[in-house]
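Morning, everyone. I have one model to walk you through. Have a look at it first, then I'll take you around.

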Amino acid sequence: MNLTGNAKLAGVMGWPVAHSLSPRLHNHWLEKHRIDGAFIPLAVTADHFPHTLRVLSQVGFRGVNVTVPHKQAALAAVDEADDRARRIGAANTVIFRPDGSLFGTNTDGTGFLAHLHASIPGLDLTSGSAAVIGAGGAARAICVALADAGMAEIRICNRTLARAESLALELGPEVLVINWADRAGLLDEVDILINTTTQGMVGQPELDLDLATLPDQAIVYDIVYNPLETPLMNKAQARGNPVVGGLGMLLHQAVPGFSAWFGVEPEVTEELAAFVSQGLVER
Ligand code: ATR
């Protein structure tokens, strides 16, 4: 990296941020496209988040990605947000405009969809039903994307019922809530099962879900990407279901931000996935 005084700057704000793969990802694209620019990890506490966001926009940054725990604060801090970010209730991408204003969007759900379509060519989501496990921020983004894609039915099942109910209320009539205790019945006739919880992640127990009633053709998508293959994915694969892991969602959600900040639409490739996943080993 050899930066000039005109270098284009962006970064990722989080607390902690050391685990983030976004610097590895964006800087790989910057090198590939020989762009005079850098993407910086920015460790910022909640107290300092709104002020720091504004200051970054005043010192030449073009924008930032926002990760845990600041995505909701980012939506509150921007001057304008798109409809998608408002419906999700969080922004993961902020663009600093030339007039000094801050624009927020959320690319988590669209990143999920882009990865799903890239993984399963010809997939038609304009009907059918999805079962979503979890009701946190990732579930919100994915449910909004599924509803926008035209999915006829979305079933949400979360350990804490109240969170699933409030998400369902906001999303509309195509969303059903299933009690955690009744989750065995969640999978009847679904076209896609999505784990949005932290279960199955390194250091966490596997998701406690019996797949016996899952249709053979149903896709199983696990947003967990560390490990790259989770116990849920292994279990689904063993019974013949198509499975997709979450690393691609991380890669695809980064594309709109990179395009806005650095002026080039980057590609998500197998080679990129291998390079970024190597960061899991090194961190
Ligand atoms: P994110 O914003 O990344 O989705 P989150 O808001 O912390 O993260 O949500 C994590 C999800 O994992 C939640 O749906 C959570 O369930 P609760 O709402 O009941 O907390 C789910 N989760 C975490 N630990 C779990 C466990 N041991 N069993 C089942 N679900 C769990």
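**Backbone first, then the ligand**

Pro16 sits in the loop that runs between strand S1 (8-14) and helix H1 (22-32). Helices here are DSSP runs of H or I with at least four residues, strands are runs of E with at least two, and both are numbered from the N terminus.

Some ground rules. This is a predicted model, where local features need pLDDT of at least 70, side-chain atom pairs count only at pLDDT 80 or more, and totals for chains, interfaces and linings use all residues. Residues are numbered from 1 along each chain as its sequence is written, and side-chain values use heavy atoms, with hydrogens and water left out.

Back to the loops. The peptide bond from Val68 to Pro69 is also cis, with omega near 5 degrees. Pro69 belongs to the loop between strand S3 (61-66) and H3. Then there is Arg34, in the loop between H1 and strand S2 (37-43). Arg34 is not a glycine, yet its phi is positive, at about 50 degrees.

Next, charges. How many salt bridges does the structure hold? There are nine, counting a side-chain nitrogen of Lys or Arg within 4 Å of a carboxyl oxygen of Asp or Glu. One of them joins the side chains of Asp79 and Arg54, at 3.1 Å from N to O. Asp79 is in the loop between helix H3 (71-77) and strand S4 (80-81), and Arg54 is in helix H2 (residues 49-58), so this pair ties together parts 25 residues apart in sequence.

Now the ligand. The shell around it has 13 residues, and the closest are Gly137, Asn158, Arg159, Thr160 and Arg163. By type, the shell has three nonpolar, eight polar and two charged residues. Gly counts as polar here; Asp, Glu, Lys and Arg count as charged; Ala, Val, Leu, Ile, Met, Phe, Trp, Tyr, Cys and Pro count as nonpolar.

Which atoms touch? A side-chain N or O atom of Asn158 lies 2.6 Å from a ligand oxygen. On the backbone side, a polar atom of Ala135 is 3.0 Å from an oxygen of the ligand. For Ala138, a backbone N or O atom is 3.1 Å from a ligand oxygen.

Terms used
Near = heavy atom within 4 Å. Polar contact = N/O pair within 3.5 Å; in protein donor to acceptor, adjacent residues only side chain to side chain.
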